[in-house]
Amino acid sequence: MTSTSRHTDPSTARRALRREVPSSAAVLADEQDFTAMRRYRTFPFDDHRSYLRQMETLLRRFASQGVLTTVSLFDPAAYEKYCADLALDPDRPDSRSRYTAEVARTGATLPYQGEPLTQLLPLLVEEAGRQATWDHASGLLARAGTCEECGEDLGHAAFARATQALRQLLASLGEGTHHLVCSVAAGDPPLLAVLHATGSDGARPQLAESETLVFCTVLAAGFALRTPGGLVSRTTTAPTGHEGGAHDTVRGWTLGDSWPRPLGAAEVFTAYCTDADTGEPIPPEHRVDYAPGLPLTPPPDPHHH
């Protein structure tokens, strides 16, 4: 019997191994954050555009070598706190590297797939905002406590109720592309979650898992806290007949008694066509109907008094 062994050139083996070791990068997405990092003597860049170009070149090189790289946002204020908590010198490259690894582990990340940073960074900012909203809302749910009478976890009950409300809402809206916004007055700024859904031919609506989780958590926080809030849906339907274009319908609900209560058409119009900051009226959009919210049947709420 003879034995065989596989001899691999060391440099080839290292390149192969490199493809199996993922990388992480944290990017200073805007000029303000970049300027904040320039106070550190060891930070080697003095121009934000040049920094982004060089970062993109590095990421593309990793991608060309088959290396998976996750990209996160570098937050100078969070970095300063991180260094203070761990007694690290913030003016050291290895401190920045440790923070990058920590953000990749705990923060919002997206995989780099060779696209321009100008395309990736807005998506990353959106993902970071979504995670921050989820963190805040889930923290509020965790502090909701338990029912004094039955001992049930009120946050868990509110989330189950929010899931039921969303399921009913999407079933009632039916076919079309739906853009849903939920806002809850829980701090400044208020909690805000956005969900996109597409319903067609009676099939189950297509939903992004992360968007759905955040949306239900924010809605649940409104239910659990019994705080003012609202829901707005904007549904786009395909053109029919000789209309010559897509048509949008806006509906609205207020969050009262831990359930969405439909607004009338005039209330929806007023809410949608008023500037939230100035109170000034906004002209209604062309080819948009402002319709009453659809009635949704609330499940029993044993915790309402």
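Helix axes are here lines fitted to C-alpha atoms over the stretch in contact, and the angles between them run from 0 to 180 degrees between N-to-C directions. With that in mind, this predicted model shows the axes of helix 6 (residues 117–142) and helix 8 (residues 209–225) coming within 9 Å and crossing at roughly 35°. The chain as a whole holds 9 helices and 10 strands, and 35% of its 305 residues count as buried. Of the contacts in the chain between residues at least 6 apart in sequence, 64% join residues that are at least 24 apart.

**Helix 6 and helix 8**

- The crossing of helix 6 and helix 8 is left-handed.
- On the helix 6 side the contact is made by Arg130, Thr133, Trp134, Ala137, Ser138, Leu140 and Leu141, which meet a set of residues in helix 8 that includes Ser210, Glu211, Leu213, Val214 and Thr217.
- Further along helix 8, the residues that take part in this contact include Val218, Ala220, Ala221, Ala224 and Leu225.

**Strand pairing**

- Strand 1 (residues 23–27) pairs with strand 2 (residues 69–73) in the parallel sense, over 5 bridges, and within this pairing Val27 has Leu73 of strand 2 as its bridge partner.
- Strand 2 also pairs with strand 3 (residues 110–111), in this case in the antiparallel sense and over 2 bridges, with Thr70 standing opposite Pro111 in strand 3.

**Cysteines**

- The count of disulfides comes to 0, where a disulfide is taken as a pair of cysteine sulfur atoms within 2.5 Å.
- For Cys216 the closest cysteine sulfur is that of Cys182, and because the two sulfurs are 9.2 Å apart, they are too far from each other for a bond.
- Cys216 has a relative accessible area of 4% and is therefore buried, the limit for that class being under 20%.
- Cys83, at 1% relative accessibility, likewise falls under the 20% limit and so counts as buried.

- Thr227 is placed in the loop between helix 8 and strand 7 (229–237).
- Although it belongs to a loop, Thr227 counts as buried, because its relative accessibility is 13% and the class takes in residues under 20%.
- When its neighbours within four places in sequence are left aside, Thr227 is in contact with Val184, Ala185, Gly222 and Leu255.

Key: Residues are numbered from 1 along each chain as its sequence is written. This is a predicted model: local features need pLDDT of at least 70, side-chain atom pairs count only at pLDDT 80 or more; totals for chains, interfaces and linings use all residues. Side-chain values use heavy atoms; hydrogens and water are left out. Helices (H or I, at least four residues) and strands (E, at least two) are DSSP runs, numbered from the N terminus. A crossing is left-handed if the near helix is turned anticlockwise from the far one by less than a right angle, and right-handed if clockwise. Contact means heavy atoms within 4.5 Å. Two strands pair if DSSP finds at least two bridges between them. Buried means under 20% relative accessible area, exposed over 50%, partly exposed in between (1.4 Å probe, protein chains only).
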